[in-house]
Structures are given as C-alpha cells and as structure tokens.
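I wanted to look up a few local features and jot down what turned up.

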Amino acid sequence: MTNNDIFKKLRVAHKLRDTDIIEILALVDFRVTKSELSAFFRREDHPNYVECGDQILRNFLNGLIIHLRGPMPKKGEQTKGNPSAKAKPKKFDNKKNFSKPKPKKD
C-alpha cells in the first residue's frame, strides 16, 4: 500500500475536502496548493499523478492529530476541561452495586 493509498483512505474516512486538507496541513506550517494536492489523488496512470512522499503524509498525520484533538499543552500547563487532572476515581463499592436475588415463589 502506497502513501497515496493511505492518504486517499484517510481523506474518505474523515470526509475531508481539499480545503480541509490544506487547513490541516497549515496547522503544522506545511503549505500545499490545491493543484498539488489533487495530483496525489489521481490514478497512477494519469499524466499529472504525483507520488506522495513520506514528509507530506507525516505532516498531514501530525496536522490531523491537532485538528481532531487540539494543540498539545505545554509542559506544566493544564488544559481546560481535563478531568484526569482534577477528578479522582471513585472507589468501587460491592454492596451498593449488587442486590440479592429475590426468592422464587412456587
């Protein structure tokens, strides 16, 4: 499977348009034009087909992470709404969660 195939499958799976992909690549300061991008999605026998390199796919994947999760917080900085930093896990209480079976009436 080539980088172009992976790129195409990710595009379809996330329902991304060319403008979305350009914005995602811009998140990691990687600039690409719409025509350069469309060359990756062409068939291999097309005269304008361009093979997708590792750098482009790597930058797209890094940008996709930022797009889906948000930017990574800096060290020592807590993100808003981070429940793991504030909330403590609740203790499991067997007595509350299980009830005794009721006897059957004949």
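Is aspartate 29 buried or exposed? I looked it up: at 63% relative accessibility, aspartate 29 counts as exposed (exposed is over 50% relative accessible area, buried under 20%, partly exposed in between, with a 1.4 Å probe and protein chains only).

A note on the ground rules: this is a predicted model, where local features need pLDDT of at least 70 and side-chain atom pairs count only at pLDDT 80 or more, while totals for chains, interfaces and linings use all residues. Residues are numbered from 1 along each chain as its sequence is written, and side-chain values use heavy atoms, with hydrogens and water left out.

Next I checked backbone angles. Aspartate 29 sits in the loop between α2 and α3 (helices are DSSP runs of H or I, at least four residues, and strands are runs of E, at least two, numbered from the N terminus). Its phi is positive, about 55 degrees, although aspartate 29 is not a glycine. Most residues other than glycine have a negative phi. Lysine 15 also has a positive phi of about 55 degrees; I found lysine 15 in the loop between α1 and α2, exposed at 73% relative accessibility.

Last entry: which residues does isoleucine 21 touch, leaving aside neighbours within four places in sequence? I listed Phe7, Arg11, Leu16, Leu37, Phe41 and Phe60 as its contacts (heavy atoms within 4.5 Å).
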